Amino acid sequence: MAATVALALVPVAGCSFAKDSGDAEVPVPTPSPQAVAICRALHKELPGTVNGLERRTAEPASDYTALWGDPAVRLRCGVPRPEAMTSATESVEVNGVDWLPEKQKDGYRFTTVLRRAYVEVTVPGKYAPEINVLLDLAHAVKETVPKGVA
């Protein structure tokens, strides 16, 4: 069972990612058949801006990926279950969506918890506190990615 942590209690300031995410190349995941329709619906609902960052075009173009800003905040839908996700995993809840936070060398990677498709959001440390990006993504995820187990 995932523990819920209040947004204000998550210490994410001053974190960073392994590689610069300034380019538009994003590895396209291969969603499960169940996740394909979910990810396409999510793609249509994604906001034009997150945390004040404008949406950009990812290369290759895909219904399973999205970018905002430079360096890029990257979203990938239909990714495999993260190895770090276990029954004892602690998650953070942001506007009704639970996320697994994983500190990276230069930022954070967040993956949805208890949703029928895994949505991964990678946020460069430049945008600390990195969790703020999730505030703008929560509505689209809640509307299109049903609760459940992927």
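**Overall make-up.** I counted two helices and nine strands in the chain, taking DSSP runs numbered from the N terminus (helices are H or I with at least four residues, strands E with at least two). From the N terminus on, I read the order of elements as β-α-β-β-β-β-β-β-β-β-α.

**Ground rules.** I am working with a predicted model, where local features need pLDDT of at least 70, side-chain atom pairs count only at pLDDT 80 or more, and totals for chains, interfaces and linings use all residues. Residues are numbered from 1 along each chain as its sequence is written, and side-chain values use heavy atoms, with hydrogens and water left out.

Of the contacts with a separation of 6 or more, 66% come from residues 24 or more positions apart, with contact meaning heavy atoms within 4.5 Å.

**Helix 1.** Which residues are buried in helix 1? I noted Ala35, Ile38, Cys39, Leu42 and His43, within residues 33-45. Seen down the axis, these buried residues fall within an arc of 140°, so they line one face of helix 1; the arc is that of the directions from the helix axis to the C-beta atoms. I reminded myself that an α-helix has 3.6 residues a turn, so residues three or four places apart point the same way. On the face turned away from the buried side I found the exposed residues Pro33, Ala37 and Lys44. The cover over the buried residues of helix 1 includes strand 3 (53-56), strand 4 (65-68), strand 5 (73-77), strand 9 (119-124) and helix 2 (132-144).

**Helix 1 against helix 2.** I looked up the packing next: the angle is about 145° and the axes are 9 Å apart. Axes here are lines fitted to C-alpha atoms, for helices over the stretch in contact, and angles run from 0 to 180 degrees between N-to-C directions. From helix 1, Ile38, Ala41, Leu42 and Glu45 meet Ala140, Val141 and Thr144 of helix 2. I sorted the residues of this contact into five nonpolar, one polar and one charged, where Ala, Val, Leu, Ile, Met, Phe, Trp, Tyr, Cys and Pro count as nonpolar, Asp, Glu, Lys and Arg as charged, and the others, Gly among them, as polar.

**Val145.** I placed Val145 in the segment after helix 2 and saw that it is buried, at 0% relative accessibility. Leaving aside neighbours within four places in sequence, Val145 is in contact with Ile38, Leu42, Arg115, Arg116, Ala117 and Val119. I also noted 9.5 Å between the C-alpha atoms of Val145 and Thr112, 33 residues apart along the chain.

**Glu102.** Is Glu102 buried or exposed? It counts as buried, at 13% relative accessibility, and its place is in strand 7 (residues 97-104). Not counting residues up to four places away in sequence, Glu102 touches Pro82, Ala84, Gly107, Tyr108, Arg109 and Thr111.

**Aromatic rings.** I found one aromatic pair in the structure. Tyr108 and Phe110 form this pair, stacked at 5.7 Å centre to centre with 20° between the planes. Rings of Phe, Tyr and Trp (its six-membered ring) pair if their centres lie within 6.5 Å; planes under 30 degrees apart count as stacked, over 60 as edge-to-face and the rest as tilted. Tyr108 is buried at 9% relative accessible area, and Phe110 is buried at 0%.

Notes: Buried < 20%, exposed > 50% of the residue type's maximum accessible area, 1.4 Å probe, protein only.
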